[in-house]
Amino acid sequence: MISSSSFLLVKFVEGKGQIVRDCPGTKNHICCGYKTVDLVEGCILSCSYCILRCYLNHKEIRILKDLEYVISQIKDAIRKESKHILRFGTGELSDSLALDRKYKLNIPLIEIFGNERKAIFELKSKWASIDHLLPFLNKYTVVSFSLAPQRIIETEEKRTSPLLKRLITLKKAIDRGCYVGLHFDPIIIYPGFEKDYEDMVDEISKVIDLKKVIWVSLGTLRFPKDLYEVFLEERRTNLLYGEFIRGEDGKYRYLKKERVRVYKLTYGLLKEKEKDLFIYLCMERPEVWEEVTGERLQTNEDLITKFDNRIKSLYGGSI
Ligand code: SF4
């Protein structure tokens with residue numbers, strides 16, 4: 001067990017093995033077929049609920065020093081895929097932007113995707129710093145932020161950027177011609193969260209043009225047993241509120257009826273603002289999908305095809 005606050009040292013390491021991987025997914029849950037790019041492992045932002053606190057077995061932040069190694073794997077994956085429009089992201093084992101102003105890791109990748117024009121590169125973050133990237137951005141890069149009510153940012157995401165700053169940064173990316181993504185993940189249930197989400201959706205719609213949002217993900221809080229023990233020790237009342245069930249993957253989640261309630265609430269708030277928003281559930285069961293959206297998705301392939309159609313509808317023949 002490590003705590004994320006111990007990610008203090010940065011170490012540059014050789015690239016070994018597979019850096020570009022399929023998102024591991026969860027049995028009996030619908031996965032969106034995302035490709036993760038493990039360019040950086042570890043994060044300085046130290047969110048209290050971050051799974052990296054018990055997932056990584058090293059105490060330093062590791063950055064791959066050989067970008068060419070990563071780029072060749074990305075190009076290989078794009079070349080091998082004939083059926084779908086691939087989506088890649090660096091925000092799985094780290095935050096895509098937290099260290100980027102200092103180390104400038106994303107610029108070569110943004111350029112590669114802009115040259116290839118066949119796939120999407122997503123920067124997923126809670127750190128509102130993209131000014132250094134603005135001259136390089138092109139529409140094949142999607143700038144995404146995980147969003148939460150300011151109350152949660154102040155208690156559980158203390159080192160990250162405030163909500164308004166994240167939204168203003170998304171607007172900058174839109175003004176540069178990019179589509180942006182929103183991730184309501186993890187949605188945390190606490191007394192009064194419903195009103196906070198209502199206010200947050202209002203604020204989002206005032207700052208950014210929702211027609212420029214390529215996708216919104218909804219995912220509720222989930223965590224492994226080790227993290228549950230940390231929450232108890234740290235008396236994380238926000239994170240322990242409500243009832244949990246342990247799933248087949250060993251992770252704790254809110255009960256299904258609660259997850260459905262939360263999704264219906266947030267889905268409804270968003271659709272009220274912009275009926276054409278593309279909203280998906282992150283790692284959910286087919287029956288939950290159906291209850292929330294009315295759609296019958298049975299397999300990962302069904303969701304991946306939905307993503308293909310969404311991207312084609314926005315990019316037309318330019319991808
Ligand atoms: S920003 Fe993401 S990767 Fe970084 S600590 Fe928070 S949850 Fe973990």
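1. Basis. Residues are numbered from 1 along each chain as its sequence is written, and side-chain values use heavy atoms, with hydrogens and water left out. Because the model is predicted, local features need pLDDT of at least 70 and side-chain atom pairs count only at pLDDT 80 or more, while totals for chains, interfaces and linings use all residues. Helices (H or I, at least four residues) and strands (E, at least two) are DSSP runs, numbered from the N terminus.

2. Helices H7 and H10. Two packed helices are described by the angle between their axes and the distance between the axes. Axes here are lines fitted to C-alpha atoms, for helices over the stretch in contact, and angles run from 0 to 180 degrees between N-to-C directions. The axes of H7 (residues 193-207) and H10 (residues 256-273) cross at roughly 25 degrees and come within 10 Å. H7 and H10 are therefore roughly parallel to each other (angles under 35 degrees count as roughly parallel, over 145 as roughly antiparallel, 65 to 115 as roughly perpendicular and the rest as oblique).

3. Residues between H7 and H10. On the H7 side, Phe193, Glu194, Tyr197, Glu198, Val201, Asp202 and Ser205 meet Arg261, Val262, Leu265, Thr266, Leu269, Leu270 and Lys273 of H10; contact means heavy atoms within 4.5 Å. By class, this contact of H7 with H10 has seven nonpolar, two polar and five charged residues. Ala, Val, Leu, Ile, Met, Phe, Trp, Tyr, Cys and Pro count as nonpolar, Asp, Glu, Lys and Arg as charged, and the others, Gly among them, as polar.

4. Helices H6 and H7. H6 (residues 163-175) packs on H7 at an angle of about 30 degrees, with the axes 10 Å apart. H6 passes H7 in a right-handed crossing. Leu163, Leu164, Leu167, Ile168 and Lys171 of H6 make the contact with Met200, Glu203, Ile204 and Val207 of H7. These residues of the contact of H6 with H7 divide into seven nonpolar, no polar and two charged.

5. The whole structure has 18 aromatic pairs (rings of Phe, Tyr and Trp, the last by its six-membered ring, pair if their centres lie within 6.5 Å; planes under 30 degrees apart count as stacked, over 60 as edge-to-face and the rest as tilted). One of them is the edge-to-face pair of phenylalanine 193 and tyrosine 197, at 6.2 Å centre to centre and 75 degrees between the planes. Both residues lie in H7, four residues apart, about one turn of the helix. Both phenylalanine 193 and tyrosine 197 are buried (buried means under 20% relative accessible area, exposed over 50%, partly exposed in between, with a 1.4 Å probe and protein chains only).

6. A pair between strands. Phenylalanine 223 and tyrosine 252 are stacked, because their ring centres are 5.7 Å apart and their planes are at 20 degrees. This pair links distant parts of the chain, with phenylalanine 223 in strand S11 (residues 222-223) and tyrosine 252 in strand S13 (residues 252-254), 29 residues apart. Phenylalanine 223 is buried at a relative accessible area of 0%, and tyrosine 252 is buried at 15%. Phe223, Tyr228, Phe231, Phe244, Tyr252 and Tyr254 form one aromatic cluster.

7. Helix H4. Asn106, Ile107, Leu109, Ile110, Ile112, Phe113 and Gly114 are buried in H4 (residues 106-116). Their cover includes helix H2 (67-80), strand S6 (87-89), helix H3 (100-103), strand S7 (120-125) and strand S8. Isoleucine 112 has a relative accessible area of 13%. Leaving out residues up to four places away in sequence, isoleucine 112 touches Ile71 and Lys75.

8. Backbone angles. Most residues other than glycine have a negative phi, and most peptide bonds are trans. Serine 46 has a positive phi, near 55 degrees, and sits in the loop between strand S4 (40-41) and helix H1 (52-55). Arginine 235 also has a positive phi, near 50 degrees. Serine 46 is buried at 18% relative accessible area, whereas arginine 235 is exposed at 72%. The peptide bond from aspartate 185 to proline 186 is cis, with omega near 5 degrees; proline 186 is in strand S9 (residues 180-187).

How values were computed: Left-handed = near helix turned anticlockwise from the far one by under 90°.
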